[in-house]
Amino acid sequence: MWNILNKYFLFAAVYRVCFFEPVQAACGTPPLIVNAHVVGVKVIYEPGEEAVYSCNVGYMGIGRNRIVCPKNARWNKPGIKCEPKPCPIPQVLENGMMHSTEFKFGKTVYYSCNEGYILRGKNSSYCQSDTMWSDLQRSCEPVRCSPPTLPMYGSIKFSNPHGATDIPVFGESVTYSCNQGLALIGNETSFCLASGKWSQAPVCKEVKCPSPQKIVNGFLVFALKRNYNYLESVQYGCVQNYVLDGSRDVTCQKSGNWTHVPVCRAACILSVNRARIFYKGKKLWIKNLPSKRVQHREMVAFYCEDKKHNCGYPVLTQCIDGKIEAPSCFQEPSAAAYMFNWKLPSEITQC
């Protein structure tokens with residue numbers, strides 16, 4: 001009985017629609033939008049009926065989120081765009097680096113530590129739908145070094161004094177010293193490296209220098225003929241009319257050699273008999289210069305004449321290990337001119 005009635009009503013509805021009522025167009029499923037969905041989506045929408053869009057979790061809408069089914073039953077293009085929500089810029093990792101250029105939902109940032117530091121925690125974090133970063137607990141801790149080995153016959157001083165339970169870390173240093181009379185061979189300072197090991201440590205070694213050599217026209221001051229220990233010193237001197245060129249003190253080095261040994265340089269005898277000179281800040285007649293002698297490296301000025309302008313001017317010359325020459329412009333005056341100071345370059349108006 002029900003089957004007969006259903007067939008009757010279906011036939012009546014089709015007959016009425018086909019022969020008596022015009023067919024009204026309808027919209028199908030609304031257009032798809034990336035990262036969004038239609039709230040309560042239906043298969044068919046009547047003209048004038050709205051479709052409402054909502055962004056998926058982690059995305060935010062920009063533009064109008066509703067479209068209306070028009071009379072022509074063709075959906076217009078939706079005006080909404082769903083963009084990923086932004087996350088705040090993560091804090092800078094001390095002694096480390098962050099690798100990323102985008103800080104929004106779904107993106108991941110990666111972390112690494114500078115040389116000599118170890119990452120504690122996960123090496124990445126991603127922007128969640130609630131705009132918070134995951135796994136924020138991380139740090140870069142310095143590499144640790146085991147206590148350095150104490151050198152035989154030496155001692156160690158830490159750059160940062162530690163307690164009994166503290167451990168040296170990357171970048172810290174120690175300074176080595178040796179017992180008296182021993183030489184430190186190698187670098188005085190050692191560093192805790194990124195590998196967790198110390199740089200090469202020095203050794204303390206006994207060093208002897210041979211008896212210091214003699215020098216020409218010189219002597220050793222109270223020095224015994226024997227071998228000398230590291231850092232021991234002796235002094236040199238020169239005989240009369242000679243001066244030391246170099247340090248008076250020489251020291252036994254860790255190489256087993258002495259520091260640079262000085263040389264005795266000879267004084268210079270001025271070869272002129274008649275002249276006035278400028279020496280040690282004073283004008284002197286050469287006869288008043290004791291023995292006409294100046295020492296090695298000392299400067300003497302002779303006076304020359306500018307005949308064009310009728311004036312005098314001094315020209316310097318230097319004593320070098322017993323040798324000195326008067327400047328080419330100097331002319332030794334005659335005995336009479338020298339005696340009466342007749343127009344000597346040193347006495348006339350100076351240029």
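Here is a quick tour of the disulfides, domains, cores and ring contacts in this structure. Keep in mind that this is a predicted model. The chain is split into five stretches, running from domain 1 (36–84) to domain 5 (268–340), and a search of the whole structure turns up 11 disulfides.

**Domains**

- The centres of domain 1 and domain 3, taken over C-alpha atoms, are 73 Å apart.

**Disulfides**

- As a reminder, a disulfide is a covalent bond between the sulfur atoms of two cysteines.
- Cys 87 pairs up with Cys 127, with 1.9 Å from S to S. The torsion about their S-S bond is about 85 degrees, so this disulfide is right-handed.
- That bridge links distant parts of the chain, 40 residues apart: Cys 87 is in the loop between β5 (81–84) and β6 (96–99), while Cys 127 is in the loop between β9 (124–126) and β10 (139–142).
- Cys 87 has a relative accessible area of 7%, so it counts as buried. Cys 127 is buried too, at 1% relative accessibility.
- Cys 178 is joined to Cys 204, and here the S to S distance is 2.1 Å. This link is left-handed, with -90 degrees about the S-S bond.
- Both ends of that link sit in strands: Cys 178 in β12 (residues 173–178) and Cys 204 in β15 (residues 203–206), 26 residues apart. Cys 204 is buried, with a relative accessible area of 16%.
- Cys 311 and Cys 351 form another disulfide, with their sulfur atoms 1.8 Å apart. Its S-S torsion is 95 degrees, and the link is right-handed.
- Cys 311 belongs to strand β28 (residues 311–318) and Cys 351 to the segment after α2 (335–340), so the bridge ties together parts that are 40 residues apart in sequence.

**Nonpolar cores**

- In soluble globular proteins, nonpolar side chains tend to be buried together.
- The largest nonpolar core here has 18 residues, and those with the most contacts inside it are Leu 270, Ile 277, Val 294, Val 300, Phe 302 and Ile 324.
- Strands β24 (276–279) and β27 (299–306) each supply at least two residues of this core. The largest share, 3 residues, comes from β27.
- Leaving out residues up to four places away in sequence, Val 294 touches Ala 267, Cys 268, Tyr 279, Leu 289, Val 300, Cys 319 and Ile 324.
- Another core lies apart from that one; it has 15 residues, including Val 38, Tyr 45, Ile 67 and Ala 73.

**Aromatic pairs and charges over rings**

- The count of aromatic pairs comes to 8. One of them is Tyr 59 with Phe 105, an edge-to-face pair with 5.3 Å centre to centre and 80 degrees between the planes.
- This pair links distant parts of the chain, 46 residues apart: Tyr 59 is in strand β3 (residues 59–62) and Phe 105 is in the loop between β6 and β7 (108–113).
- Tyr 59 is buried, with a relative accessible area of 19%, while Phe 105 is partly exposed at 22%.
- Lys 42 lies over the face of Tyr 45, 5.1 Å from the ring centre.
- Arg 226 lies over the face of Tyr 228, at 3.8 Å from the ring centre.

Key
Residues numbered from 1 in each chain as written. Predicted model: local features only at pLDDT ≥ 70, side-chain atom pairs only at ≥ 80, totals over all residues. Heavy atoms only, no water. Disulfide = S-S within 2.5 Å. Helix = DSSP H or I, 4+ residues; strand = E, 2+ residues; numbered from the N terminus. Buried < 20%, exposed > 50% of the residue type's maximum accessible area, 1.4 Å probe, protein only. Domains from an automatic or database assignment. Core = buried A, V, L, I, M, F, W, Y, C linked by side-chain atoms within 4.5 Å. Contact = heavy atoms within 4.5 Å. Phe/Tyr/Trp six-rings, centres within 6.5 Å; stacked < 30°, edge-to-face > 60°. Lys NZ or Arg CZ within 6 Å of the ring centre and 35° of its normal.
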